[in-house]
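This briefing goes through a few local features of the structure shown below, grouped by topic for reading alongside the model.

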Amino acid sequence: MPLSSSHRGRIAAGIGAAAVLATALTACGGGSSSSSADAGPPQPGGTLLYGLSQAPTCADPAQSGTNQTIYVARQVVDSLTDQDPETGELKPWLAESWDTDADASSFTFHLKEGVTFSDGTPFTAESVKKNLDAIVNTLTGAKAALGASYLTGYTGTTVIDPQTAQVDFAAPNAQFLQASSTPQLGILSDASVAKSAEERCTGNISGTGPFTYADYQQDRSVTLAKRAGYNWGSDVFGHEGEAYLDTIEFTVVPESGVRTGSLSSGQLDAISDALPQDAPQIEGAGGQVLTTSNPGTPFGFQPNVTRGPLVDPAVRSALVPAINRQELVDTVLGPNFKPATSTLASRTPGYVALPDVTYDPEKAKSILDQAGWVPGADGIREKGGQKLAFPVLFSSVFAGNQAILELVQQQLRAVGVDLQLDLVSTPEATARQNSKDFDATYYNSTRADGDILRTQFGLEGRNLNSRGPIPALDDVLAKQLATTDPAARSALVADAQQQVLDNGLWIPTVELSQAIGAGPNVQDLKFEASARLQFFDTWISGR
Amino acid sequence: MIRYLGLRVLQAIAVLWATFTVSFAVLFLLPSDPVSIAVDSASTGTTVDAAAVAELQARYGLDQPVWVQYWNSLSHAVRGDFGYSIATGQSVTEAIGNAVPSTLALASTALILAVVFGAGVAFLATYTRVHWVRNLLFSLPPLGVAVPTFWVGLILLQLFSFRLKAFPAFGDQGVATLVLPAVTLALPTGAVIAQVLAASLQTTWRQPFIEAARAKGASRWQIQTRHALRLSSIPAFTIAGVLVGNLLAGSVVVETVFSRAGVGRLTQTSVMAQDIPVVQGIVVLSSLVYVLVNLAVDLLYPLIDPRIVEGRRSSEQSDTVEQEEEKVHV
């Protein structure tokens, strides 16, 4: 039975309303939340029951894209490097150290010895070669979109000796070092790599990670078991040796009210996507909501600079001070979210706060006045017979989008701009983005590397702006990809952030946050650098 | 009888082909492209090169003219092959096959509960002579149809799972996980049965042969169980197809609320992702179920009442039934 979109909408709205009601029914009084500080030293053992908000799409880390898929797959593979979530710095994991050539097109990894896959075979430089080759040649961008994009220009891996692998690119590719820390470039055993894309999805694969697949049932549940003898954890991990948990059981629980109820009644230990309205119930049961803001680009408007009033650079730059970001957070999202302060989110390496991203409606008005946009009878500005009105394309991938945009609509109206909301389904939003059929589109994207600016705004990148060459910006985006020195690269990324803003290519609003609900017995459940979960240090108290 | 059977089977095949064709047309006309969605859901801010998209489209045959695609998918579907899910890479037959047992357990339990409770309410409502009980019972079916399924599900979860901890809140393994969702799903279906059966029983009670039976000294209980119920059950039996439709539609909501990996939830997720091969498979499966149920009903009618095939008028039927039954039982 296919459902029409209006049906779907009604069902979703109904479920939402009932969830709020159900929450209200059980939201019993306060109660203090327990912190991990008084839980004592970590105790190994036990099973953690985790509620995912949607089904993982595939067991293979190389083919993973959604958060729920990565939460599971991340635990099964190790990567060559790991990224420190605090500093953004790259740390040793399967590679003890690495060298980069001067123009960032060749990377040599010196691998740890004694590492084995869960099928018993040893991890060597040959494994690195086979994994990267498979992403480029077998899986391709069609099946491994992220991995293949990280490997653009890949010319091959040379096995110098069993513990040394040299990865080469046709052109500078400095972002590859950060990419080598992602689960998409995690390392699987030779036998796993030799399988077809579809077979790799079914969970019958081995990595070197601290957990292994014990059971994988598409759309239903995944069980991970601790890898005995694991002792090659990354330098980012909180302890050495094996993981603490014996088992992690992931169950797909799509309804947020049911996840919250199951968590507070002890049927689950931790859950994905705890909604702001669920927090009181979770805290009331002694649990807590763990949050972190996503690196990458914050939520914002990306104008199509070839149509509508957004062709005018003055209009684009007037929108930046017209938005009251603190009010968006305070009114709609709550304290776990942050207002955007740049064209990169604050947890992205190389991020700088841009002083122009502030609320100043008078400045917005004066920019528009100077550009000749005069308020009409209804308060909406006009110039040469054209109204200062434009629609924004968006979908509800993030539940708060509509409420945020409704408030932005009011804020823009106050300076004489008529924003129209064009809410469509996620598939339709994707289709219209691909055909560039919009005046402005609203979204965010997650990546813990400043290269996101190049992939999103570069002429050779996705370029939803439909812009032509901007030599200074194009130059700095190319340079950051050829610079490996972290300080020098950060300076270039800082320059790029400013230029994206100055050219009106991104009008930032708020940063996306991840919110994980955790019961009082769950200790040290951590986010990795890309705001996804890492269960290695997690343990269960009070048993 | 053979002619009757042959006609029904032909009709069934025509319905299957029509649903397949309509669903193909609808999915084809949607504004988006499933491959871009599949690739995009996996890409967060990265560019997927056109070659990769083209390759994936070729892999799923989406680069071919619409008639070729239609012919290919139809001829494969006839052989039970619906291709591969664009979102997960699983074969559609496997994806649906994994989901069917869960939905079958849920739907059949719900159907049994619905019949027991629906018939029970209708029976008591028309049997009792206590006014307020009668009014109360008659008000139950409209209520059961009106309350939203997900709301009932969440209330049951709050009470029996989160507060009393009597049943698990999610999952679809074991009898304990079946109770709450089956009750939730049985409610609207049972209400329909109760409504149809009660109305039919009321009509039957007003018929002259009831007076005749009463005059011959049959008790209220004897009349209800021996005469009224059998005759009145035919309309309820006729709406079996509607009931199955109810159960399948209800499973979309119930399986989402109770986190069951059944056909309903597969429907919901694949419609959201516009996973065309999976949606096609589900459409054909549900129309097959619908067609089979109606076929079974059509074939069972003659067993309940042989004259339905002969096409006599219903007034004649009830007269004859009345006479026959009186001869046999009273």
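This is a predicted model: local features need pLDDT of at least 70, side-chain atom pairs count only at pLDDT 80 or more; totals for chains, interfaces and linings use all residues.

The side chains of A:S445 and A:Q456 are joined by a polar contact of 2.9 Å.

**A buried serine in chain A**

- A:S445 lies in strand β20 of chain A, which covers residues 440–445, and its relative accessible area of 2% makes A:S445 buried, because buried means under 20%.
- Besides the contact with the side chain of A:Q456, the side chain of A:S445 makes a polar contact of 2.9 Å with the side chain of A:T297.

**A loop arginine in chain A**

- A:R347 sits in the loop that runs between β14 (338–339) and α12 (361–370) of chain A.
- Leaving aside residues up to four places away in sequence, A:R347 touches A:P85, A:T292, A:S293, A:P295, A:E528, A:A529 and A:A531.
- Two of these neighbours also take part in polar contacts: the side chain of A:R347 meets the side chain of A:T292 at 3.3 Å, and the side chain of A:R347 reaches the backbone oxygen of A:A529 at 3.4 Å.
- A:R347 and A:T182, which are 165 residues apart in sequence, have C-alpha atoms 16 Å apart in space.

**Helix α3 of chain A**

- The N-terminal end of α3(A) is capped by A:T124, a side-chain oxygen of which lies 3.2 Å from the backbone nitrogen of A:E126.
- Helix α3 of chain A, residues 125–143, has a kink of about 50° centred on A:N137.

**Helix packing around α12 of chain B**

- Helix α11 (residues 240–257) and helix α12 (residues 263–272) of chain B pack with their axes 7 Å apart and at an angle of about 90°, so α11(B) and α12(B) are roughly perpendicular to each other.
- In this contact, B:S251, B:V252, B:E255 and B:T256 of α11(B) meet B:V263, B:G264, B:R265, B:T267 and B:Q268 of α12(B), and by class the residues are two nonpolar, five polar and two charged.
- Helix α5 of chain B (residues 92–127) also packs against α12(B), with axes that come within 7 Å and cross at roughly 135°, and α5(B) and α12(B) are therefore oblique to each other.
- Here B:A95, B:I96, B:A99, B:V100 and B:T103 of α5(B) meet B:V263, B:G264 and B:L266 of α12(B), a contact with six nonpolar, two polar and no charged residues.

Methods:
Residues are numbered from 1 along each chain as its sequence is written. Chains are lettered from A and ligands numbered from 1 in the order in which they are written. Side-chain values use heavy atoms; hydrogens and water are left out. Helices (H or I, at least four residues) and strands (E, at least two) are DSSP runs, numbered from the N terminus. Buried means under 20% relative accessible area, exposed over 50%, partly exposed in between (1.4 Å probe, protein chains only). A polar contact is a pair of N or O atoms within 3.5 Å; within protein, one must be able to donate a hydrogen and the other to accept it, and residues adjacent in sequence count only if both atoms are side-chain atoms. Axes are lines fitted to C-alpha atoms, for helices over the stretch in contact, and angles run from 0 to 180 degrees between N-to-C directions. Angles under 35 degrees count as roughly parallel, over 145 as roughly antiparallel, 65 to 115 as roughly perpendicular and the rest as oblique. Contact means heavy atoms within 4.5 Å. Ala, Val, Leu, Ile, Met, Phe, Trp, Tyr, Cys and Pro count as nonpolar, Asp, Glu, Lys and Arg as charged, and the others, Gly among them, as polar. The bend at a residue is the angle between axes fitted to the seven residues ending there and the seven starting there.
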